[in-house]
Each structure stands twice: as structure tokens, then as C-alpha cells.
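Have the structure open while you read.

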Amino acid sequence: MGVPIMRKLGFLVAAALLAGAPVITPVMAQDIGIGLDIPLSAPGDATGGQLIRRGAEIGIDMANVSGGALGKKFKLFVTDSQSTPAMGVANYRRLVSEDKVVAVTGFFHSSVALGINEVAKEMGIPTLSVQASASDITAKHYDIAFRTHAVDPVRVAAWMDFIKKKGFKRISMIAETTDYGIGLSDETIAQNKSGNFGLEIQKVTVDNKATDFTPQLLQIKAFKPDLVLNIAVGQPVDLIMDQATTIGLLPATPMLISYDAPTRPQYWKLHPKNGDGIYFIAYYSPKAKLSDLGEAFAKAYKAKYNEDPVYGALNGFGAIMIFQQAIKAANSTDPKALIKALEDGKFKSWPDATVTFPRADGVYWHNWVPPVLILQYTKPDQDWKEATVVVSYSK
Amino acid sequence: MYSTELVVQTAISGVMIGVLYALMALGITFIYSIMRMINWAMGEFYMIGSYLQYMLVAWLLGPDLWWLAILLSTAGVFVIGLVVQWGLIKPIFKKPPETRDDYATVVTLALLLFLRSVATGLAGPNQFKPGTNLSIVMVGPLPMDGARFAAFLFALVALAVFYLVLRYTWYGLALRATSQSRVGVQTAGIDVLAVDRVAFGIGVALAGLAGALLAPVFLVFPTNGMITTVKGFEIVVIGGLGSIPGALIAGVLLGLIESFGAAFVDSAYQNIYGFLLVLAILVLRPTGLFGERGREA
């Protein structure tokens, strides 16, 4: 005779509670729910997710202090995608069906954003990607899909500009096998061909759940590249850096990290000896002027976390501000009215520029693209705000 | 055409990582061989070992005493294992034998979720890296992180000590006897629940040791034990559940297959090669390379 089913169920419930499973509290009639789907655990970039969350939470506070919208307050519902599309889709369904949110934002990992948009186009609740760059997120021209982030072609154009400037000829790409890694590496190969750059490119793909990249890095070292493109997200970025240093690939060969991970406070704690000289993509220069909203946010962020906000936090905040203005403009939380307001409106966010989401061609559909920068650390323990701007690229 | 140097470097890299995988697998297979239960939370004990290593090095001992931190971290995980066995596992063994597997699975899965949530809550999602005073060393033609080489040596010593204790001490004899017949050792006057407690402590301490050793190499974060646990279970299937030599040989085999597959076949499928080996073993030799076929009446 097996264990009675109820006893087993009791154990499972206890396990779920022990795991800190969130208690589902549907949005109250007096609230406007906004969903935030971000990676908060591995293999996702949990730090990236946490930074977006910080920004969005302050955004909710500031939106509510300024009166909310339609006489109601905003409420944030946070879910953990773990960078897994299946988890992201399940989260989106729950946010829409149970929590009754009117919009969902976040989406650090491209695979998650792409998966969610396939469901969102049926369920109708708009999405706003703040740090997922795969072209298809907006290139599929779904009515519900919006984005405030640099897309693959722009990011690749920035590093092709950099490669040309430096006179590099042999390029190795170590790219994770996700929509992000594959999208960026394929785009690099395509632009090399279409732009007649004449580069010799080596593409090495890696599983983002792996921890030992030595075999792949040995292959890269044998190729003798002029530059290594580190196209991974989260822990693999740091592991690749460390393991490349061990086998002598770094610092002899320069490395460009494909996003702004080195701007995070933990960077120098992880790379006190091999962080100097690294190039990295960024989407915001602290030397650039912020909007009034951006300044107020930066002040609130500094007061709360005792550090300056980085791009992820700024964009998380910006998403909430954009939704507040769009709901006010639509005078409704009806999804179709909200989408129309997003398409037609001009929004204030953290940058000192107007944010719009036109029905533009190709990848620029519903997409506001920030300028892309390539920065370089030139001394150990350097504040990212002091990093040298090597390339500044605007679409 | 690949150079000889690249082949040799890949082989060394595979053996090094394989021995470290074996340490994890040994904990899983040891607990199973004594207690006939699978501890699904092994990765979380690996994670605890890595956090203890970080905290001891960063806050108490400093990078020069990294080796002492490893011993203390392992001991710390051993003590936590004793407490967990006493509080959560021992009551399971008071149930009828046929319900143990169900209870053990549910309890250790609950423990997995609980420990992971506690780590995320206390330490946040950021990665940490404990320092060491070790510099890069040359292993043949392969430059290797001093911490990784030290981890390899520590793992070899731990495996040797483990073997000697099991083979030549009275307590090792009791452990081996328990693995053969739990009823038999009770008739000889051995407190089998006390043996269980020590076995569970040693098993999770091996995972904690792997976590502490690899903390400077693979970083410290709440789910860092996940991938190592998967490798551990793959090795257990390849080597044979309950076989200690099998764990070591299968660990090295897995490390080599992953390294060569990633370097010379397709690097994207690094984690797939191990599963292919597992599938092949299950088809050709379901008990694993060194496992024994169970006897049925």
C-alpha cells in the first residue's frame, strides 16, 4: 500500500510554502496591475533582473505619489522567468488571468520575450521589453509588442564600427545557444558579408548552463583572434572572462562584452585582477543629460541603494512611467486603447529625449532605441562612469 | 587539422573537471549505498559549502588561509548534514520500508527548494568569488587556475582518504556492512540509524567539499549546485549506483567526453554528450559500468 495521496499532497504544499512560493493576491478593484517578468534565479541573469525590479519598484512609488492614473494606484506583480521561455509564458498567463494586470514589462532574456509575445498576441495584453534585444521581438510586427532597448542590428553595427576603427581582422565569437547569442552572432556574420568588412570570423557556441568553457576557449586561442566577442549573459560572462585569463587568452587578446554587465557594482569584486582593459556595450553614458523624471529617479535610487542607477534600473523605471502616461492618455486600461495610446503618444522617460513607438519598418516597429556605446575600463577598480567612451553609435 | 597541443590540453582539462565531478557523484552514491535513498538536495549542500568558503575567506580567514576555509566549510556541511539527518531523514526510517522512497523524495525535494530560497533571501542573486593566494600553474601544456589545480589535488586526496577509511577502519567496515545488509548489521549489534547519520553527514560533506573547492572557479550563487548535481547523477548512472570506483572512473570519462565533444565536435552540445553516454549505458548495461544486478526472489 502506497502513501495516502492526501499525505503526499500535504508534503508538496509544505514544500511549496517552504520555497517561498508567492501567495497570489489578485489585483484589487482600486489598483492598476503591472506585471514584471524578469530573471531572478539561474540560469537567468538574476542581477540584471534585480536591477530592473529596483527601477520598476521606484517607478511604481513615484507613479503613485504623482496620483497614479484614472484615480487608481499602481501595483507591481513580479515573476521569475529563470530565463526559461516556458516559465515566462506560464508567468504571463498567470499575470493576465489571475492577477488581472493591464500590461507586462521586464524581459531581460530574448528567448523569454519571444515566447511570451507568441502568447500575448492571442491574449492581447501589451508587453514592453526593456532589455531583450533579439530582432524578432518587434520585427514580427505584433500589435502587443513594444520595446525600449537596442536591437541586434544596432548593437552589431556599433561593434562592427569599433572593429573597423581598431583594424581587427580575425574575430572569435563565443556565443550562448539562446535567441540572444545566436541572434547577435548571426547578425555579425550577416553584417560582415553585407558591409564587405572582410573579417575572418570564428563562431563558437556554448550552453548557458555550462560552467567549464575551457575546451571552447582553447579552440578560440588556437584561432589566434584579434578580438573575442563575449556574447553570453549572466554567470557565463564572468566564467568566460576568468577562464580566458587562465589559459592566457586575456589580456593578450582584447575582449568585448556584449552588454552592460561590467557597469554593475559586483564587477570589480569578481574581476579585481582581470577586469582592466575590457570593452563593453552600454546604452547610457552618465555624462549624458537625464530628463527631469530621470533626475528625480536617480536621486531616489541613490537614496535607497546608495549607488547610482545603471541602465537596467533606468529602463525598468521608464517602463512604469510610460505605462502611466499611456493609461492617462487612453483614459482606460482596455488593452486595445492602451496599445493605441502607446503607438500614438510621445512619452517622457529617463532619457532627455522623447520616447515613441511608431509602426515603423522592420525591427524598428514599436521600438525606441537608445544610443549604443562601447566603453573601456582603462585602470583597475575604475568607476564605470569614468570608463573611456570608445564608440558612440546612434541608429 | 587540430594540433597535438590542443588535443593534450583538452584531455588534461577533461580529466581535471572529471575528478571534481566524481567528488559530487561519490556523495550521492555513498548515501544511496548505505541508506538506499537518493538525496535530491545534494546540489544545495554543494551551494552551502561554496557560501561557507566565501564567508570564511572574505570575513574571517583571508585568502592566504583558503585551505583552512575548505576544511572548515566541509566540516560545517558535515554538521549541517547530521542535523538534517536527525531532523528530517531519520523519521523516514521509522516508516515501513515500502514508503521510504516516496518520503525521501518529497522531503529532499522540499529541502532543495527551502535551502535555495533561503540562500536567495539571505545573499541575494549576485555572484561572489572567494579569493585565494594561488597563481596560474602549468599542467603539461595547459595553463591552469591555481584554485582549480588545488581543487583537483584536494579532490584526489579526499577520494583516497575516503577509500582508506572505508577499507581499513572499523567504522568503514560498519559502513560497508550496512551497505550490504541493514538487517544483518543490526543482528551484529550495530546501531544502523547512527551509521545512517554519519553516512548522510559524510555524503553531503563530500558535496560541500566540492562546493568549497570550486567556489573560486565556478563562483558562488544560490543555484550553483544545480549543474554539478546533474553531472553527479549522470556519473552515478554511468558508473553504477552504489559503486565508488565506478563514480571515479565515470567522472573522468564524463569530463573527457564533454571536453572532446565541445572542442572537436560541436561546442553547443557540451552538456548533451554526457546524456548520450547515459543513454548508451542504459541500453547496453543498465546497471552501469560497475553496478551490480539486483537479486529478486
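## Helix packing and the chain interface

In chain B, α1 and α6 run roughly perpendicular to each other (an angle of 65 to 115 degrees), because their axes cross at roughly 70° and come within 6 Å. Helix α1 covers residues 4–35 and α6 residues 170–180; helices here are DSSP runs of H or I with at least four residues, and strands are E runs of at least two. This is a predicted model, so local features need pLDDT of at least 70 and side-chain atom pairs 80 or more, while totals for chains, interfaces and linings use all residues. Numbering starts from 1 along each chain as written, chains are lettered from A, and side-chain values use heavy atoms without hydrogens or water.

Where do α1(B) and α6(B) meet? B:F30, B:S33 and B:I34 touch B:L175, B:T178 and B:S179 (heavy atoms within 4.5 Å).

Now for chain B against chain A:

| Item | Value |
|---|---|
| Residues from chain B | 41 residues |
| Residues from chain A | 40 residues |
| Buried area | about 3600 Å² |
| Share on carbon and sulfur atoms | 59% |

Buried area is the accessible area (1.4 Å probe) lost on being put together, summed over both parts. There are two salt bridges between the chains (Lys or Arg side-chain nitrogen within 4 Å of an Asp or Glu carboxyl oxygen). One of them joins B:R148 to A:D212, with the closest N and O atoms 3.1 Å apart. On the side of chain B that touches chain A, α4(B) gives the most, with eight residues. By class, that side has 23 nonpolar, twelve polar and six charged residues.

Definitions and conventions. Axes fitted to C-alpha atoms, helices over the stretch in contact; angles between N-to-C directions. Parallel < 35°, antiparallel > 145°, perpendicular 65-115°, else oblique. Buried area = accessible area lost by both parts, 1.4 Å probe. Nonpolar A, V, L, I, M, F, W, Y, C, P; charged D, E, K, R; others polar.
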